[in-house]
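Try each task before reading its solution.

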2 protein chains.
Amino acid sequence: MVRKAHGKHGLKSPALVRDAEATRAHILDAAEEEFAANGLAGARTEAIAAKTKVTKAMIYYYFESKEKLYLSVLERAFVQRFQMAQAMKLESLPADQALERFIREFLDYTVKHRHQFPIFIHEAMQNKGKYYSKLGALSLYGVVMGILERGMAEGFFRRLDPFHTAVHIFGSCVFYFVSRENIKSLVPNKNLLGPQMLKGHIDGAVEFIMRGVRK
Amino acid sequence: MVRKAHGKHGLKSPALVRDAEATRAHILDAAEEEFAANGLAGARTEAIAAKTKVTKAMIYYYFESKEKLYLSVLERAFVQRFQMAQAMKLESLPADQALERFIREFLDYTVKHRHQFPIFIHEAMQNKGKYYSKLGALSLYGVVMGILERGMAEGFFRRLDPFHTAVHIFGSCVFYFVSRENIKSLVPNKNLLGPQMLKGHIDGAVEFIMRGVRK
DNA sequence: GTCTATACTGGGATAGAC
DNA sequence: GTCTATCCCAGTATAGAC
């Protein structure tokens, strides 16, 4: 369905060429959205097809099965998130500043790439981490635990357990998004994804977390 | 399938009597477990039947549909959790002690009634809070927000936003359970539900949260 | 590479005997 | 109240034309 003006090597291309690379990427984008909404089991290949404007059969042509498509989506998300963290250059900052920066950029990324995070939650809840475990090396827990250990050594942070504290930190950051659809009925006139509420959550989380770990 | 020695009024009972009340309760218990594992859409009525030792048809006889059964399970969980909070007598304690007590008892309850909490997460993720919103009046957010407001008035807590802070508190408490199946691969030789890890999580969460809210 | 049409299966729900 | 048998739709996956 996707056309571009020139073939891969820029030679002897007709005006309209089918572009397998672009089609693959479009399917991945649509699948990310569908898996975010429904998880692996709940996702409908038909719904993914509808979003991409290619047919269901094409999805099987490119990815063989719903499961393999899911793994591809998950892997891409893991890699992108990991690169996001690498790009922060946290090693060059004192640990307390590194932590605050990580939290803010991580939350900013989570909001912007809205469809990635719910996939991880569905993955834990419905697949019991079966696919997550294949990619755990790219998890962001290592990043946060590293900052916490450094912060204790540098004297910024109190004595704490890096693993459990990392879970508490991520929990403070992301439970807002996990439970969003439940708690929205508790604050009926607010838009939980609007700028005002997001700012309240993010600033509040930074304050809450930094106080929680500081000496 | 359930038998007891005497009928409701203890009169003219044959040796074995079918007990509708007990059967209903057994179905609810089995359904709670199945819905916790798979959510409404993912739950299999056949699986619930297998756990109860009654047939699938009985479930429809008692509850009409999978959806109505789900609502019954959800409502029972909401009521039990709310009663748990009422029983804590938090009003009789200063706000800081009330908060710590709430956290410990809430987490203790969450561990003991293992199947209730995942239902709420599945509810948010797959049903977008559709059924949760019918029961929001029994949510525990009100309890925590009340403690936070009182704590500010009494001078124990810093200036904070009760709603966002309540979300951060619950996040610190429960994300451990939400993401358990993902993070278990990151700590391969630990049992996340064993007493050691649970103590680490709970004590860590209390410390983290109390520092996060105190003046 | 892309489509249409269809085979096959899992699982919610119900009929009807006892 | 409880069972067995079955209807029927939704949804994954594939065959085969173009």
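**Exercise 1.** Find how many residue pairs are in polar contact across the interface of chain A and chain B, then describe the side of chain A that touches chain B by class.

*Solution.* Start with the rule: a polar contact is a pair of N or O atoms within 3.5 Å; within protein, one must be able to donate a hydrogen and the other to accept it, and residues adjacent in sequence count only if both atoms are side-chain atoms. Across the interface of chain A and chain B this gives 13 residue pairs, both at pLDDT 80 or more. Next, sort the side of chain A that touches chain B: 26 residues are nonpolar, 18 polar and nine charged. Classes put Ala, Val, Leu, Ile, Met, Phe, Trp, Tyr, Cys and Pro as nonpolar, Asp, Glu, Lys and Arg as charged, and the others, Gly among them, as polar.

The model is predicted: local features need pLDDT of at least 70, side-chain atom pairs 80 or more, while totals for chains, interfaces and linings use all residues. Residues are numbered from 1 along each chain as written, chains are lettered from A and ligands numbered from 1 in written order, and side-chain values use heavy atoms, without hydrogens and water.

**Exercise 2.** Which polar atoms lie by a phosphate oxygen of DNA strand D?

*Solution.* Take chain A first. A polar backbone atom of A:Ala43 is 3.0 Å from such an oxygen, and a polar side-chain atom of A:Tyr60 is 2.7 Å from one.
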